[in-house]
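The report that follows is written for a reader who is meeting this structure now.

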Amino acid sequence: MNGRRLRRLAPMLLPALAACEVDAPVATVSDPDRFLEADAIVMGGVTTISNADGIRTARLQFDTAYQWNDSTHQALRGVNLIVFNDDGSERATVTSLRGTFEPLAERLTARGEVVLVVPFQDRRLETEELHYDPELNQLWSDSAFVMNEEGGQRAGSSFRSDLEFRDFVVQGSAGTGP
């Protein structure tokens, strides 16, 4: 290639060459090997949870579920749990970025921007991790939380409660309210 021709092509080639040197952002997944090795991956799903009498007690919706054959739990992304009263009305909702669900015990651990709403009690609880165990009739978090409810706000470094919030124990508490 002669010098004149190279000088004419240089203005066109320089932007293309410069683009090759720029690192493009790469999408990543936390601990990708763990999820790529899942035995089953479900994209967008709903699990209905019923009691022994066949009455629906909860509905778990998720964006993605990862299951391993040697595991009793599923790793979830995009979690939305609705818990129902015996009459079918909505008792509470839990939303989070991710979570772990144990189908046999029906336990859920929600993680990442967790929000619990109890509409009939005008209650909203926010934390980074929330454990729900229907068999023990308990909710708890070992992470800091803020709970707004009728009459005030509670905050603390952790809490444990029954599902009706009658026995609500807070560690490192602060706030106002009943």
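The charged end of Arg123 sits over the ring of Phe165, 4.2 Å from its centre, where sitting over a ring requires NZ of Lys or CZ of Arg within 6 Å of the ring centre and within 35 degrees of the ring normal. Arg160 likewise lies over the face of Trp140, at 4.7 Å from the ring centre. The model is a predicted one, in which local features need pLDDT of at least 70 and side-chain atom pairs count only at pLDDT 80 or more, while totals for chains, interfaces and linings use all residues. Residues are numbered from 1 along each chain as its sequence is written, and side-chain values use heavy atoms, with hydrogens and water left out.

The structure holds four aromatic pairs, a pair being rings of Phe, Tyr or Trp (its six-membered ring) with centres within 6.5 Å, counted as stacked when the planes are under 30 degrees apart, edge-to-face when over 60 and tilted otherwise. Phe165 and Phe168 form a tilted pair, with 5.7 Å from centre to centre and 40° between the planes.

Ser50 lies in strand β1 (residues 40-50), strands being DSSP runs of E with at least two residues, numbered from the N terminus. Ser50 counts as partly exposed because its relative accessibility is 34%, given that buried means under 20% relative accessible area, exposed over 50% and partly exposed in between (1.4 Å probe, protein chains only). Leaving aside neighbours within four places in sequence, Ser50 is in contact (heavy atoms within 4.5 Å) with Ile55, Arg56, Thr57 and Glu106.

On a 1 Å grid over the protein atoms alone, a cavity is a set of points where a 1.4 Å probe fits but cannot get out, a pocket is an open set with protein on both sides within 12 Å along at least five of seven lines, and lining residues have an atom within 4 Å of a point. Grid points are joined across faces, edges and corners, and a volume is the space filled by probe spheres set on the points.

| Largest pocket | about 170 Å³ | Thr57, Val83, Arg91, Tyr132 and Pro134 |

The largest share of the lining of the largest cavity, four residues, comes from β4.
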